[in-house]
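Please take me through this structure one selection at a time. I have it open in a viewer and would like to know what to select next and what is there.

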Amino acid sequence: MNNFEYLNPTRILFGAGQIASVANHIPPTARVLMLFGGGSIKANGTYDEVKAALAGHFVVEFGGIEPNPHYETLMRAVELVKSEKIDFLVAVGGGSVIDGSKFVAAAAVFDGEPWDILAKGGKVVQGALPFGAVLTLPATGSEMNSASVITRAATREKRAFASPHVYPQFSVLDPSKTFTLPLRQVGNGVVDAFVHVMEQYMTYPADAPVQDRFAEGLLLTLIEQGPRVLAAPEDLSVRANIMWTATMALNGLIGVGVPQDWSTHMIGHELTALYGLDHAQTLAVVLPGILSVKREAKRGKLLQYAERVWGLREGSEDARIDAAIERTRAFFEQMGVPTQLSSYQLDASAIDAVASALEAGGLVKLGEHRDVTPSVARAALQLSL
Ligand code: NZQ
Ligand code: ZN
């Protein structure tokens, strides 16, 4: 295990009814911008609850942040922040709204060309407006991390940045707010959280048994709770467990001191930018192929995963690895997230396009060994045609 520094400054307010307390965590004189998406929060009552909680504050609203939030849209919010002299943001929604608000928080005080925040990966960020979040979709972990993923619609570039300045100050995790999610988004969330764990776990042994067992616990929980939420969508307890698992999957804890991969995410981002697939759909397509193609480099962890997560102890090493990859694919399918490009009406031409986009974006050395090149991505995607 490598040296690390770990600090997570986000306060979590977990459970039904917690929205009512958000005002306690915002300075009383703050000028607040409330950011949200396409309207789900109005349909399910979250909007009214947040407005009621902020009744004592000056509040301006900015709605219409789209899934895979657009730079162009967010720059309009930055203008509003400046014209209204906003000094606190409240993001109400899923990962897209929270990620978008992180970008707005950083861009509002950024001196220079705002796209550089994404082009240069967040290193240029020197500060950001403070903000809090009310999460309505468990998936990304954005509610307790410092990452954000933004799409420039004009150029079809989907780019991430991370900065310690954009941790939410607080996040409300009220699982009752997830009852209105379409099942497609529920399945997406479970798959996204699963792949977040895999990106930090499925590399090579690093003598980090705490991180390994935390990661395996999260994977086992998703395998157990995921099908339950589809079978009993009204069960608050299952919703709560999924919400907490997704947060823990990407709040940095399981990734400290260990190698990380993230190639599946980078390849997947290109599929979303080019063809509009949901984020989790891209992961379900890419991950099984990456595990197959990188089986030598990942052999030790693949065998550990096969045994500890899927209980596979019989047969040759390669048979166990094949079975573990097959179980993973079947789990994604069970969660309603198809794992083949053809399920999304895509063919081999999409593989060429993704490889070219990775090349053009300079994303040519991905993965824990920096050896996932565009041609490796191509080989992985060919296994999911
Ligand atoms: O826009 P509204 O009307 O709110 O509808 C949303 C949206 O259409 C809807 N929704 C959200 N909560 C709902 C609801 N519908 C009914 N009831 C509710 N309670 O769900 C749709 C999808 O929302 P979105 O926020 O786009 O989904 P998700 O949370 O999966 O976020 C995906 C984005 O996060 C990025 C992805 O790349 C993508 O852009 N990621 C961010 C990460 C991070 N910050 O660490 C890591 C992830 O790997 C990921 O890359
Ligand atoms: Zn993800």
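Select the shell around ligand 1: by class, it has 9 nonpolar, 19 polar and 4 charged residues. Here Ala, Val, Leu, Ile, Met, Phe, Trp, Tyr, Cys and Pro count as nonpolar, Asp, Glu, Lys and Arg as charged, and the others, Gly among them, as polar. The model is predicted: local features need pLDDT of at least 70 and side-chain atom pairs pLDDT 80 or more, while totals for chains, interfaces and linings use all residues. Residues are numbered from 1 along each chain as its sequence is written, chains are lettered from A and ligands numbered from 1 in the order written, and side-chain values use heavy atoms, without hydrogens and water.

Next, colour domain 1 (11-177) and domain 2 (183-382), with bounds from an automatic or database domain assignment; both give residues to the shell, so ligand 1 lies between them.

An N or O atom in the side chain of Ser-40 is 2.7 Å from an oxygen atom of the ligand. For Asn-145, a polar side-chain atom lies 2.9 Å from a ligand oxygen.

Now select the zinc ion, ligand 2. Its donors (N, O and S atoms within 2.8 Å of the metal, or 3.2 Å for Na, K and Ca; water is not among the atoms, so sites may look incomplete) are Asp-192 (OD), His-196 (NE2), His-265 (NE2) and His-279 (NE2), at 2.0 to 2.1 Å.

Finally, show Asp-192 and His-196, which are both buried, meaning under 20% relative accessible area (1.4 Å probe, protein chains only).

Note on methods: A polar contact is a pair of N or O atoms within 3.5 Å; within protein, one must be able to donate a hydrogen and the other to accept it, and residues adjacent in sequence count only if both atoms are side-chain atoms. Buried means under 20% relative accessible area, exposed over 50%, partly exposed in between (1.4 Å probe, protein chains only).
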